[in-house]
Amino acid sequence: MTYEIYIHVPFCLRRCGYCDFNTYTAVDLGAGASRGNYANMVIREMKLTKQWQLNHGIKEPPASTVFFGGGTPTILSADDLVSTLNAIRETWGIASNAEITTEANPDTVNEYYINRLAEGGFTRVSFGMQSAVPHVLKTLDRTHTPANVAAGVEAANKAGLRSSVDLIYGAPGESLDDWRTSVKTAIDLGVNHISAYALTVEPTTKMGRQIASGTLPKPNDDDEAAKYEIADELFTASGLQWYEVSNWAKPGYESQHNLGYWRNVDWVGLGPGAHSHYNARPSFDALRAWDIAHPRLWGTAINENRIPWGGSEEITPTENLEELIMLGLRIREGFDLKRINNAIAAMGEQPTEAGDGTRLKPIDVAQLQPMVEEGLITIVSDDDGHSRVVPTRKGRLLNDAVIEQFFDLAGI
Ligand code: SF4
C-alpha cells in the first residue's frame, strides 16, 4: 500500500487572470487561517485526520511522497514548510526514500530559502515557469522574469534538490514560435522533469471575461494540439520521456507523487478544498472526501476539533472501474487489461450506474484492434505476460474519445 500526502497552501501574492484555484491574496482569512498561522492549522488538521483514520481502522504506512501545492506554498516561510513536514513525520512517518516536493513561485525563493528546504528534508522543487516569453507571461498576469526561474533551478541544483518546471500553452496571443521558445528555454535549464499543461479558461476568471467580451482571442483546439506535438517532439529529442499526458522526465526522475494519483493509491489532502482518497478496506468501499473550500470555515471546523471536510462519498465499484480506465489511459505504463477484466468479473451481474439493464462485459484484446489500427493505442505485454493498453501520442491528444470507446466496450 502506498500513502501520499498533499498540503494545499491557499495564498498567493496576487491573483493571475486565468486562475480559478482555491487561493486568496488576503494575508488573514479568519479563524486562524492566516499566512503566519497556517502551518499550525495544517498540523492540527493532521492530528484530526489521524484520529479519524484510527477510528475507522485505517493504518497507513509511512508517507512515500509529500507534495506542497497551491496557491503559492513558498509564500510561507521555509521554516513553516519544514515544521509542517516534521509534523507529518511525527504523525505518520515518512519513508526513507520519500519524494518531498514543494511548488515554488520563482519570485518567492532565494538560495537561503532553498537551502533551508534541503536541510529540512525536501528533495524536489517544482517551479512555476509558465512561459519564457514576456508578452505571454504578461497575458497570464505572471510577475516573474525568466531569469528568476534559472536562478531558482541553479540554487536547487546546488542544494542537491531535483527540480521541475511547469509550462502552460495556449495563452491568447501565443504563437507557435513563442511556444517553441518556451519549450527550448525550459529544456536548456537542464531540469530532469517538465510539466506542460494546456490553458483552460474558466468563464468566471478575469481572462474568461476578457475572452467572452472579445478583448482576448479564444484558445483554439488545433493550436493546442499543435503545441502539444511540438512539446512532445522537443522534450523527447532532449531525453525527457513522457510518462503522463502532461508530464515528461528523464528516466528515473518521474514524479512519484503524480504517478501515485494515476495509480489510484491512498492519499490525504490537507488544507482548504484539498481532496483525499482511500481505497476500499474490508469494512468500507473506496472513499473520496474533500475539505471545506473556504479557509475561514475550514479553520472554524478545526477550532471545533472536527475533521474539516466539506463532504465525502463512497466510490462505487463502477466508478472505481471508470477511474482505473481513465487514469491508466493518461500514463505511459497504461493499464493492465486483466486488472480491468478482473474488476468487471468481480462485479458479476451488477447493473451499471445508468440502471438501464445493460451489463458490464470483459474486454477482449481482439476488440481493441480498431483502436490499434487507428493509431490511438498500442498493446504491450508486461513482465507477467499480461496485456497492457498504452495510449499513443494521438491517443493522448484524443484522450476523451479513447476513454469513451473503452467505456462503450465495457458497457459502462
Ligand atoms: S500563482 Fe498560481 S495559484 Fe496563484 S493565482 Fe497565479 S496561477 Fe493561481
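This is a predicted model: local features need pLDDT of at least 70, side-chain atom pairs count only at pLDDT 80 or more; totals for chains, interfaces and linings use all residues.

Residues are numbered from 1 along each chain as its sequence is written, and side-chain values use heavy atoms, with hydrogens and water left out.

A nonpolar core is a set of buried Ala, Val, Leu, Ile, Met, Phe, Trp, Tyr and Cys residues joined through side-chain atoms within 4.5 Å, where buried means under 20% relative accessible area, exposed over 50% and partly exposed in between (1.4 Å probe, protein chains only). The largest such core has 74 residues, of which Ile5, Val66, Phe127, Val165, Leu167 and Phe235 touch the most other members. Its largest share, seven residues, comes from helix H1 (residues 38-55); helices are DSSP runs of H or I with at least four residues, numbered from the N terminus. Another core, of 22 residues, lies apart from it and includes Leu337 and Ile344.

Ile344 also takes part in a helix contact (heavy atoms within 4.5 Å), in which Leu321, Leu324 and Ile325 of H11 meet Arg339, Ile340, Ala343 and Ile344 of H12. The residues of this contact divide into six nonpolar, no polar and one charged. Helix H11 (residues 317-328) and helix H12 (residues 337-346) pack at an angle of about 170°, their axes 10 Å apart, and they are therefore roughly antiparallel (an angle over 145 degrees).

Glu319, also found in H11, counts as partly exposed because its relative accessibility is 24%.

Key
Axes are lines fitted to C-alpha atoms, for helices over the stretch in contact, and angles run from 0 to 180 degrees between N-to-C directions. Helices (H or I, at least four residues) and strands (E, at least two) are DSSP runs, numbered from the N terminus. Angles under 35 degrees count as roughly parallel, over 145 as roughly antiparallel, 65 to 115 as roughly perpendicular and the rest as oblique. Ala, Val, Leu, Ile, Met, Phe, Trp, Tyr, Cys and Pro count as nonpolar, Asp, Glu, Lys and Arg as charged, and the others, Gly among them, as polar.
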